[in-house]
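Me: I have a structure to look through today. Could you go over it with me step by step?

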Amino acid sequence: MWFSSLPVWRHFRHYFHAHLIKTADLPADKNYILSCHPHGVYLLGMFANVTGNRSVFYNLYPGLHLRLATLPINFRIPGWREFFLSLGGIGVDRKSLEYVLKERDPKDKSKAAGNILTLVVGGAEEFEYMQPKTMDLVLEKRKGFVKLALTTGASLVPLITFNENDTWKPSTSETLKKINAVTKKMFHFVLPALEGNGNPLTPFPARLVTVLGAPIHVEQTSNPTDEQINDLHKRYIKELTELYDTYKDDFFKDRIRDMRLVK
């Protein structure tokens, strides 16, 4: 898309010393759920290395079509709406997600369309645990993305951006915590109060290294059982943990603790 080819993205990547690492092929005859961790503040690693870096991404993964799933409220704000639409954004409602993940190749209906849909599994709740040099994930209770993979037959691909939580420092304001408890419950988002690089609006130039893991292929099941969902969820956590362990000492050396599943 033209928007992701603008020069501003090159400067954006340069500021964060951003780098994308491929660990396995993603054949274009399947659809994929790209599960992104951690949420951080604004998913700067995903924007720098994936959605705003499409020429490199498509060279690494030819034949795929990126779609970005985001909260419906982002399509109600003028300007912000156009930003997400220009990056292939869709709402996170089930109907939209299933449409993308069930789409077939128009030239060969026996094959999937090659769509790869980004989902931020931890959501706004994960932002509440954000601290520099950590990676605390809200994942143990999140099983909707696993059920979605089973019902659509889409393969799961874990994605980790190292140092995502180092781009800002969260405020310790107790008042804001109370406000965010209300906004999360009512609108499913939180209001960032941050300390940045000289001012609250400018992030620190943390090195953002995004690693895409190998796909976990899934057999489509119209009505998956709880056992099937739980088994796939455990397998996903195992693959994500192995991906983290493989690269943590290369790109997360100054961590104060290892990745944790906090909820």
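Me: How much accessible surface does the protein have, and what share of it belongs to carbon and sulfur atoms?

Reply: The accessible surface comes to about 13,000 Å², and 55% of it belongs to carbon and sulfur atoms; such areas come from the Shrake-Rupley method with a 1.4 Å probe, and for residues only the protein chains shown count as cover. Please keep in mind that this is a predicted model, in which local features need pLDDT of at least 70 and side-chain atom pairs count only at pLDDT 80 or more, while totals for chains, interfaces and linings use all residues. Residues are numbered from 1 along each chain as its sequence is written, and side-chain values use heavy atoms, with hydrogens and water left out.

Me: What share of the residues is buried?

Reply: Buried residues (under 20% relative accessible area, 1.4 Å probe, protein chains only) make up 49% of the 263 residues.

Me: And Thr 51, is that one buried or exposed?

Reply: Thr 51 is buried, because its relative accessible area is 1%. Its contacts (heavy atoms within 4.5 Å) include Ser 4, Leu 66 and Leu 87, leaving aside residues up to four places away in sequence.

Me: New topic: how many residues are in the largest nonpolar core?

Reply: That core, a set of buried Ala, Val, Leu, Ile, Met, Phe, Trp, Tyr and Cys residues joined through side-chain atoms within 4.5 Å, has 37 residues, and Phe 162 is among those with the most contacts inside it.

Me: What does Phe 162 touch?

Reply: Not counting residues up to four places away in sequence, Phe 162 touches several residues, including Met 135, Val 209, Tyr 244 and Phe 251.

Note on methods:
Buried < 20%, exposed > 50% of the residue type's maximum accessible area, 1.4 Å probe, protein only.
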